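The following questions and answers walk through one protein model, step by step, for a reader who has not seen it before.

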Amino acid sequence: MPESRLTTNDQLRRIAIIGGGTAGWMAAAALSRILGQETVAITLVESEEIGTIGVGEATIPPIQAFNNLLGIDEDEFVRETKGTFKLGIEFLDWWRLGHRYFHPFGVYGIDFGPVPFEGLWHRLRLEGGAEPLDRYSICATAAAAGRFMRPQTGGNTPLSHIGYAYHFDAGLYAGFLRRQAEAAGVSRREGRVVEVCLDGEQGLIEAVRLADDSRIEADLFIDCSGFRGLLIAEALGAGFEDWGQWLPNDRAVAVPSANVGPPTPFTRSSARAAGWQWRIPLQHRTGNGYVYSSRHVSDDEAAATLLSHLDGEALAEPRLLRFQTGRRAAFWVKNCVALGLASGFMEPLESTSIHLVQAGIARLLEMLPTRRFEPADIRRYNRLMTAEFESIRDFLILHFHATERDDTAYWRELGAMSVPEALQERMRIYAATGRIFREADDLFTKTSWLAVMEGQGLRAQSYDPLASAMPLDEARARLARIATATAAAVPHMPTHADFIVRNCAAAVASP
Ligand SMILES: Cc1cc2nc3c(=O)[nH]c(=O)nc-3n(C[C@H](O)[C@H](O)[C@H](O)COP(=O)(O)OP(=O)(O)OC[C@H]3O[C@@H](n4cnc5c(N)ncnc54)[C@H](O)[C@@H]3O)c2cc1C
């Protein structure tokens, strides 16, 4: 039987977003911008009484595409969120105590036709003539010098390879997006959802009922209600796949501190006895947090460790956050799509959560349903989002597993655990040949994998056979030229602090 034809009657008319944290307002801003209010009415429900998680201050470069989609002026955005720029992450004490490495954005060197940069680098590392990886990265070199600028377009200079993201105040970011979304016609409803009403026939969500007894009906519901997944889990029963066996951190204690010195253009991640500590510089304060495993350290001890490792004076009492690592068994069920913490959570080591919200929104737009909610669309969305979550999960596990630290039970357990097959395979290929293969939808590039594999102490025994195609002397000369050009380019960049003062300093730099 041919399917009955789609009519305008089948088109979405009302979308309800439940939750007004970062995920809810990102969804509201993007959907209203793309869909307009002519055809679809968008309502966002949030509860001030419940509040938001209020953390999530470091990002990765794809957020620029999201801002472009919204037509956001970057200087205004950084000013309004009291933000700074991020060229990558500095990892301290991860491989061994006292060791430092940098995971830069952008790229290492350049590929020479089919001969990948890392193939030549591994060859020189084994046969003589390789410099440390950082010297081939404009982001790593600039970060070490405290410098920042946007990439120069055109020209054969390392300055055209600058990759960057932002640090910002999570509360100000949600407020910024809210203004965008409301200006585009999103209507906000204050109130607590007390019931999710399903239709008896197909089990679709018909409406949510608020504490004041009003009902909000919609065709499509976006669950941005945070960890509990009010719609996707509590009403529609989507299960949870727990990844605690690989990523055992389940708590964080966070505290802002006073700035000391100019802001660094990078996030710092310092490994601790039972987890790791973040340091995120903003214009008006520094964000800090210790992410840890509650099986290995008490909350009091974690808070004491955090407070004893601040650059400046603490500006508030430490705040405890509990979380579970894993993903929803399905991200899209019937007429409900979960975004943000409602869809799952992986700890913030590589600042990937806000990106996953963005990826979910992009895919939802790509597969924007009609009111028929085609099962094939839903399956595809769930398959692609699962792959995205899993590839990030494996990248995170690499940091914890590939380590020589054995000074605490926490690190000994992580070093000894058995990791997912796909990651084992990547590590085996790297150890044998230094090669890194990127699967179609992998978020992290080969630069990221190379930085972390090397930084965590993996050493390739050989190199890509394609690297033999270039005479050794030529390979040495080419890589030397890249390192020289990179070092020469950095002094042309302003300091990070100067760049902010000149372009996007916040009006009132108060905490
Ligand atoms: C320790 C930690 C550090 C993090 N750091 C980073 C980072 O550096 N980078 C990054 O990308 N991400 C980070 N994240 C993740 C990031 O904070 C979240 O992905 C992001 O804030 C999105 O949260 P959310 O909007 O899904 O949930 P929430 O902020 O929890 O918002 C939930 C919303 O739902 C509403 N709500 C809930 N129940 C109801 C109800 N019954 N009725 C009405 N409204 C309701 C609430 O009021 C709120 O508005 C971090 C997370 C943690 C835990």
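Q: Is Thr-84 buried or exposed in this model?
A: This is a predicted model in which local features need pLDDT of at least 70, side-chain atom pairs count only at pLDDT 80 or more, and totals for chains, interfaces and linings use all residues. Residues are numbered from 1 along each chain as its sequence is written, and side-chain values use heavy atoms, with hydrogens and water left out. Buried means under 20% relative accessible area, exposed over 50%, and partly exposed in between, with a 1.4 Å probe and protein chains only. Because the relative accessible area of Thr-84 is 0%, this residue is buried.

Q: With which side chain does the side chain of Thr-84 make a polar contact of 2.8 Å?
A: Thr-84 has its place in strand β3, residues 84–86, where helices (H or I, at least four residues) and strands (E, at least two) are DSSP runs numbered from the N terminus. A polar contact is a pair of N or O atoms within 3.5 Å; within protein, one must be able to donate a hydrogen and the other to accept it, and residues adjacent in sequence count only if both atoms are side-chain atoms. A polar atom of the Thr-84 side chain lies 2.7 Å from the backbone oxygen of Pro-281. The side chain that is joined to that of Thr-84 by a polar contact of 2.8 Å belongs to His-167.

Q: How much space lies in the largest cavity?
A: On a 1 Å grid over the protein atoms alone, a cavity is a set of points where a 1.4 Å probe fits but cannot get out, whereas a pocket is an open set with protein on both sides within 12 Å along at least five of seven lines, and lining residues have an atom within 4 Å of a point. Grid points are joined across faces, edges and corners, and a volume is the space filled by probe spheres set on the points. A search of the whole structure finds one cavity of 30 Å³ or more, and the lining of the largest cavity includes Pro-281. The space in the largest cavity is about 40 Å³.

Q: Which residues around the ligand come nearest?
A: A residue is near a molecule or strand if one of its heavy atoms lies within 4 Å of it. Helices α1 (22–39) and α9 (353–366) each supply at least two residues of the shell around the ligand. Of the 32 residues around the ligand, those that come nearest are Gly-20, Val-55, Ala-58, Val-193 and Ile-354.

Q: What percentage of the ligand's own accessible area does the protein cover?
A: An oxygen atom of the ligand is 2.8 Å from a polar backbone atom of Gly-20, and a backbone N or O atom of Leu-341 also lies 2.8 Å from an oxygen atom of the ligand. For Ser-353, a polar backbone atom is 3.5 Å from an oxygen atom of the ligand. Of the 1,000 Å² of accessible area that the ligand has on its own (Shrake-Rupley method with a 1.4 Å probe; for residues, only the protein chains shown count as cover), the protein covers 97%.

Q: Which helix supplies the largest share of the lining of the second largest pocket?
A: The second largest pocket has a volume of about 340 Å³, and of the 18 residues that line this pocket, those closest to its centre are Ser-391, Ala-422, Arg-426, Glu-439 and Asp-442. At least two residues of the lining come from each of α10 (375–401), α12 (421–433) and α13 (446–455). The largest share, five residues, is supplied by α10.

Q: Is Glu-439 buried or exposed?
A: Glu-439 lies in the loop between α12 and α13, and its C-alpha atom is separated by 37 Å from that of Ala-302, which is 137 residues apart from Glu-439 along the chain. Because the relative accessibility of Glu-439 is 51%, this residue counts as exposed.
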